[in-house]
Amino acid sequence: MKKIFVFLSLIVLATSCDWFVFDNQEYYNASVEGKLLDTKTGQPLQFAFPNTCKISIIEEGWKDKAGNPAEETQSWYVKCNGVYVNKLVWAAKYRMETKDQNFYPVSIPFELKKGENTVNFEVTPYCRVLDPQITFEDNKIVARFKVEVEDIAKTKTVDVALFGFTDRWVSDGNNNFDFDKVQKEGQLKKIKNADGTSVIELKIDPFNEKESGMQFAYKRTHYLRIGARAYGDENTSKRYNFSPVFKVSSDFSKVEEVTNWDED
């Protein structure tokens with residue numbers, strides 16, 4: 001009988017300690033989706049994995065035990081077409097405070113209510129890739145486009161490049177072209193005609209063994225994207241602004257813009 005009493009006492013003691021306290025943290029009660037829109041054009045910006053795929057979000061109002069501000073930065077991912085979705089958030093006041101992106105630094109307050117929310121952010125890119133076209137001419141892949149710099153006084157240096165990869169995540173971080181050694185026509189540094197009206201041209205020869213590189217070693221679909229970076233006093237990280245992604249058939253006969261970014 002004494003053993004049973006001791007055993008029951010241990011159970012009471014255990015259940016009264018913190019080990020058995022239920023977590024009373026409220027579960028996520030909100031979701032949010034939206035776009036990052038160009039302040040000038042009203043159109044979604046183009047982003048790219050892995051270098052320009054995140055924005056920084058801060059939930060406001062948090063303090064430590066001493067009453068000091070204790071806000072932490074979250075990273076929300078943005079799709080390549082400028083759309084973001086987050087289904088696991090709390091209703092609260094926030095701000096989008098992003099400094100290292102392909103747009104000028106911003107601090108934009110917003111509030112989420114319980115349930116579904118839509119929040120669009122207006123941002124200003126360092127430059128814009130305008131009227132992008134990719135064709136196949138004289139056995140070469142040719143990209144033609146224009147570049148418009150938002151503030152040439154702050155970003156005097158402009159580079160452009162044509163990136164190629166094996167899937168739609170093509171970018172400066174996912175690129176099979178080697179501009180320094182063989183594919184020099186695929187990149188131009190310090191261009192002077194970034195006025196938004198002059199046509200810029202880049203070329204890649206997929207049949208030249210010295211130029212083809214690993215991208216054209218096999219017959220397959222190719223994904224191409226034009227990038228332009230304007231930097232100087234601003235954009236010191238040299239982040240690219242992009243065109244949409246283009247899908248090129250294995251025989252180069254068909255070029256179409258990639259529009260499906262809803263699936264992983």
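**View 1. Tyr27 sits in the loop between α1 (2-15) and β1 (30-38).** Helices and strands here are DSSP runs (H or I, at least four residues, for helices; E, at least two, for strands), numbered from the N terminus. This is a predicted model, where local features need pLDDT of at least 70, side-chain atom pairs count only at pLDDT 80 or more, and totals for chains, interfaces and linings use all residues. Residues are numbered from 1 along each chain as its sequence is written, and side-chain values use heavy atoms, with hydrogens and water left out. Tyr27 is exposed, with a relative accessible area of 61% (buried means under 20%, exposed over 50%, partly exposed in between, with a 1.4 Å probe and protein chains only).

**View 2. Meet the open sheet of three strands, in the order β9-β10-β13 with antiparallel pairing.** The edge strands are β9 and β13 (200-204), each pairing on one side only. Strands pair if DSSP finds at least two bridges between them. Nine bridges join β9 (residues 127-137) to β10 (residues 140-149), and five join β10 to β13. Look for Phe136 with its bridge partner Ile141 in β10, and for Phe145 with its partner Ile200 in β13. In the hairpin of β9 and β10, two residues lie between the strands, and Asp138 takes a positive phi near 50°.

View 3. Val160 and Tyr240 are 80 residues apart in sequence, with their C-alpha atoms 8.7 Å apart in space.

**View 4. Asp38 and Arg128 meet in a salt bridge (2.6 Å, N to O).** This pair links distant parts of the chain, with Asp38 in strand β1 and Arg128 in strand β9, 90 residues apart. A salt bridge is a side-chain nitrogen of Lys or Arg within 4 Å of a carboxyl oxygen of Asp or Glu, and by this rule the count comes to 16. Asp38 is buried at 5% relative accessibility, and Arg128 is buried at 6%.

**View 5. Asp262 forms a salt bridge with Lys79, the closest N and O atoms being 3.8 Å apart.** Asp262 lies in the segment after β16 (255-257) and Lys79 in the loop between β3 (73-77) and β4 (83-89), so the pair ties together parts that are 183 residues apart in sequence. Asp262 is exposed at 65% relative accessibility, while Lys79 is partly exposed at 25%.
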